[in-house]
Amino acid sequence: MKPHEPHAGTAQRLERPVDVFRIVIFLGLSIAFAGCDREGSRDELTISDVEVVDPYNLPDSTLGEMLRAHFDSAVAVGKNAESEYQASLARLRGQRDEAALLVVGALERAPTEAYFERALMAETLRELASPNTLDRIYRIALEPRREAKSIGDDHHFFPGVEESQIRAITVRAIAEIAKVDPTAEELLLKLAQDDDISVAREAIQGFLGLGDADNRRKMLGTVLDSERIREIGITTTDPKSVPYPDELLNDIPLPAARPKDSPEVSDDDE
Amino acid sequence: MMTNKHPSIVFVTPLLATILLVQVAHGATCTIPSSRVSTNESLYTSRTCNQAFIDMVWAHFDFDKGDWDQGFGFHDPCNSIRPLSRTFNALWLLAYSAEDYATSTSDWSGNALRWGYPYSASKIDELNGRCGDGTAIARTWWGGWIFVDDRTNLYLSFFYNWSISARAGTIVHEARHAAGKGHNGGDDCPRGGSCDEKWTTYGANTYQVLYLWWYYVDGTRTTTALRNLAATRAQSIIDNGFVEKPPYVIN
């Protein structure tokens, strides 16, 4: 009997069941594990009961409408985006104090998880720089930092870091107010001692940016040692000076034709 | 009768069945948090609601209908309440914020603002919309042969907690993971997770900072507000995302 004749092979396999099972086990496990990190059914997102909510919760007044339009303009896109944003700011500055009071109130009321909107409101307070809101902005800048730990394996969201960014922007607002209201200087010196490095840096930069740098550096030295200032870092870096990754270029051409399964934009949409 | 079966099958069959059952587990169901839905992005959607643009990103990032239907926006790609539209908005910002934006995914020249899109398009294997646990932003699997399906999942917090520029920076971050670079700093940085050892390991945090930094410095077709917020985020990553804090100050 020739060893490679079909019947011979079959007979041989039947006589050696262990090999058969080894093959079956190997193939089975390969197939199973090949998909062990793949996902089965897709997630489903329900939006039928969603109510579109104004995250800024502003009053239905003329100024409230102006602020809503301003926040929209802040995230605009296109060649006129910046000029329209600046025009909106100029309109708001015509009612600087009233507008700033509305914004600081909205910021105080905003839900915690509205990180982006809160940051944008803080940025607007910086642009408005109204001394009338100084005390309330300072209280926001002092908000205790939340626990900044990664949550689960799906990382990259750190509530404490989001809070830190909002606080840093409010410190920048205080620095702007300090240009016209000397009482804000003292608050900057206090915030310069904050444990949060991002908050402390904004306070130090804002304080030193008020002029008479030599004298202010001495004042700063009475509350912070030079090692802490060095650790914080206060000198702006040119991004062209930082080390840059040097990756090989890949040649991946643009697709020649429309993908078969991309979603359709209807005439009504465009 | 058991006596007619090879002993291995007694153990292997339940094992295989278990593994296969785990694979076909049902997907999650989630609801968009209503307080997180704003109408702000309608201005971006006016740009991304364009068949040619959608077709381009659909191909570059290997989107699949099955990963973006069931509420995620496949059937309503111009609705900025839906995750798909909000992802398109971030990709638009990623693609076109440089004055001389790249017109080919093979063009990685210039600064990070310019190569952010082509780099991400080249590295990300597929981009999926998912629910997540309510706090997750994104996760990338990479390096798979037959054991791992290379992919990047985007979760609810990506769509609804972050600005468009922050989302664009996250895509660059995830693209670096997709290129095979994981975080190597454990939890030893100030934020306690997703830490890179240092700037010059050129991990995902370095890439994300570079993109946001250059968006702040050179970003066009956008506003000072978004650029300032990008700078704040980039500085925050510098301050909190590295074991050995880079000595850089953005502004």
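This is a predicted model: local features need pLDDT of at least 70, side-chain atom pairs count only at pLDDT 80 or more; totals for chains, interfaces and linings use all residues.
Trainee: Why are β2 and β3 of chain B called edge strands?

Mentor: The sheet is open and has three strands in the order β2-β4-β3 (chain B), with mixed pairing. Strands β2 (127–129) and β3 (138–141) of chain B each pair on one side only, and these are the edge strands. From one strand to the next, the twist averages 20°. In general, strands of a sheet pair through backbone hydrogen bonds, either parallel or antiparallel.

Trainee: What is the make-up of chain B around that sheet?

Mentor: Chain B has ten helices and four strands. Along the sequence the pattern is α-β-α-α-α-α-α-β-β-β-α-α-α-α. Of the 251 residues in chain B, 57% are buried. For contacts with a separation of 6 or more in chain B, 61% are between residues 24 or more positions apart.

Trainee: Why is α9(B) described as largely enclosed?

Mentor: The reason is that 13 of the 15 residues of α9(B) are buried. Helix α9 (residues 204–218) of chain B reaches 21 Å from its first C-alpha to its last, close to the 21 Å expected at 1.5 Å a residue.

Trainee: How does the secondary structure of chain A come out, in helices and strands?

Mentor: Chain A comes to twelve helices and one strand, in the pattern α-α-β-α-α-α-α-α-α-α-α-α-α. Buried residues are 34% of its 270 residues.

Trainee: What makes α6(A) mostly covered?

Mentor: Its buried count does: 14 of its 14 residues are buried. Helix α6 (residues 115–128) of chain A spans 20 Å between its first and last C-alpha, close to the 20 Å expected at 1.5 Å a residue.

Trainee: What stands out about the phi of Ala129(A)?

Mentor: Ala129(A) has a positive phi of about 50° although it is not a glycine. It comes just after α6(A), in the loop between α6 and α7 (134–141) of chain A. With 23 other C-beta atoms within 10 Å, against a cut-off of 20, Ala129(A) is therefore buried.

Trainee: How do you know whether Asp212(A) is buried or exposed?

Mentor: Exposed applies at 12 or fewer C-beta neighbours inside 10 Å; Asp212(A) has 10, so it counts as exposed. The phi of Asp212(A) is near 50°, a positive value in a residue other than glycine. Asp212(A) lies in the loop between α10 and α11 of chain A.

Trainee: How do the two helices α10 and α11 of chain A meet, and what kinds of residue are involved?

Mentor: The axes of helix α10 (residues 197–208) of chain A and helix α11 (residues 213–221) of chain A come within 9 Å and cross at roughly 140°. Ile204(A), Phe207(A) and Leu208(A) in α10(A) meet Ala213(A), Arg216(A), Arg217(A) and Leu220(A) in α11(A). Those residues divide into five nonpolar, no polar and two charged.

Trainee: Which residues have the most contacts inside the largest nonpolar core?

Mentor: They are Val103(A), Ile174(A) and Leu188(A), in a core of 128 residues. Leaving out residues up to four places away in sequence, Leu188(A) touches Ile174(A), Ala175(A), Ala178(A), Ala203(A), Gly206(A) and Phe207(A). In soluble globular proteins, nonpolar side chains tend to be buried together.

Terms used: Residues are numbered from 1 along each chain as its sequence is written. Chains are lettered from A and ligands numbered from 1 in the order in which they are written. The expected span of a helix is 1.5 Å times one less than its number of residues. A nonpolar core is a set of buried Ala, Val, Leu, Ile, Met, Phe, Trp, Tyr and Cys residues joined through C-beta atoms within 7 Å. Two residues are in contact if their C-beta atoms, placed from the backbone, lie within 7 Å. Two strands pair if DSSP finds at least two bridges between them. Axes are lines fitted to C-alpha atoms, for helices over the stretch in contact, and angles run from 0 to 180 degrees between N-to-C directions. Ala, Val, Leu, Ile, Met, Phe, Trp, Tyr, Cys and Pro count as nonpolar, Asp, Glu, Lys and Arg as charged, and the others, Gly among them, as polar.
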